[in-house]
Amino acid sequence: MAFTRFYLAIYMALSSAVIASASVSGYGPNPNVDKPRLEKEKLLSSLVGIQGLIYCKSGPKLIPLEGAIARITCLTTDEYGHEAAPWSILSGATDAKGYFLATLSPSEVEDKMKIKECKAFLETSPSLETCNVPTDINKGITGAPLASYNFLTHKNMKLFTVGPFFYTTNPKPVSNGY
């Protein structure tokens, strides 16, 4: 029986030594080392593109709105993590199919500023008289958040898609029933 205890004690001592050496050599968990902190992925670790479509909704018709512009506004923080002034860019004018693209590169943002969250908004309609009333369909007025993206490897770009957004003709007066 003493013989069995002796081998059990040696086995326990060797097991502890193996586990300790594995931890120190990087093959197992080491309780003496802090676990790495997982931070949120930076929005601007690469080029960012925001694409979408803008239409004129006239009754049941959807007409691509050429020349419309979207605005991308982002919340920022300074180097100490304090909220700073929002930062905005404008898209290029939409093409004949109503398509817009806005791009943002890390070099465009001031040093030590961090972009936290961005939203896309309707900015201007080229049709000043017929289709100039923005709607909040797909959050065109309140702001469509940039959520998921596709990574375009060949361009090193995170491409977000928003919308489609809609302008409409002059709103009709609402009757209050009086």
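**Contacts, sheet, core and disulfides**

Modeller: In the protein, 69% of the contacts with a separation of 6 or more are between residues 24 or more positions apart, a contact being heavy atoms within 4.5 Å. This is a predicted model, in which local features need pLDDT of at least 70 and side-chain atom pairs count only at pLDDT 80 or more, while totals for chains, interfaces and linings use all residues. Residues are numbered from 1 along each chain as its sequence is written, and side-chain values use heavy atoms, with hydrogens and water left out.

Biologist: What order do the strands have in the open sheet of four?

Modeller: The order is β4-β3-β6-β8, with antiparallel pairing; two strands pair if DSSP finds at least two bridges between them. At the edges stand β4 (83-90) and β8 (144-145), and each has a single partner strand, so one side of each is left without a neighbour in the sheet.

Biologist: And how many bridges join β3 to β4?

Modeller: Six bridges join β3 (residues 69-77) to β4. Ile72, for instance, has Ile89 in β4 as its bridge partner.

Biologist: Which residues have the most contacts inside the largest nonpolar core?

Modeller: They are Ile50, Ile54, Ile72, Phe100, Leu146, Val162 and Phe165, in a core of 25 residues. A nonpolar core is a set of buried Ala, Val, Leu, Ile, Met, Phe, Trp, Tyr and Cys residues joined through side-chain atoms within 4.5 Å. Buried means under 20% relative accessible area, exposed over 50%, and partly exposed in between (1.4 Å probe, protein chains only). At least two residues of this core come from each of β1 (47-58), β3, β4, β5 (99-104), β6 (114-124) and β10 (157-168).

Biologist: What is Leu146 in contact with, beyond its neighbours within four places in sequence?

Modeller: Leu146 is in contact with Ile50, Ile72, Cys118, Phe160 and Val162.

Biologist: Cys118 interests me. Which cysteine does Cys118 form a disulfide with?

Modeller: Its partner is Cys74, with the sulfur atoms 2.0 Å apart; a disulfide is a pair of cysteine sulfur atoms within 2.5 Å. The S-S torsion of Cys74 and Cys118 is about 105 degrees, so this disulfide is right-handed. The pair links distant parts of the chain, as Cys74 is in strand β3 and Cys118 in strand β6, 44 residues apart. Cys74 is buried at 0% relative accessibility, and Cys118 is buried at 5%.

Biologist: How many disulfides does the structure hold?

Modeller: It holds two. Cys56 and Cys131 also form a disulfide, with sulfur atoms 2.0 Å apart. Cys56 lies in strand β1 and Cys131 in the loop between β6 and β7, so the pair ties together parts 75 residues apart in sequence. In sequence order, the bonded cysteines pair 1-4, 2-3.

Biologist: A change of topic: is Thr135 buried or exposed?

Modeller: Thr135 is buried, at a relative accessible area of 15%, and is found in the loop between β7 (133-134) and β8. A polar atom of the Thr135 side chain lies 2.9 Å from the backbone oxygen of Phe166. The side chain of Thr135 also reaches the backbone nitrogen of Ile137 at 3.5 Å.

Conventions. Polar contact = N/O pair within 3.5 Å; in protein donor to acceptor, adjacent residues only side chain to side chain.
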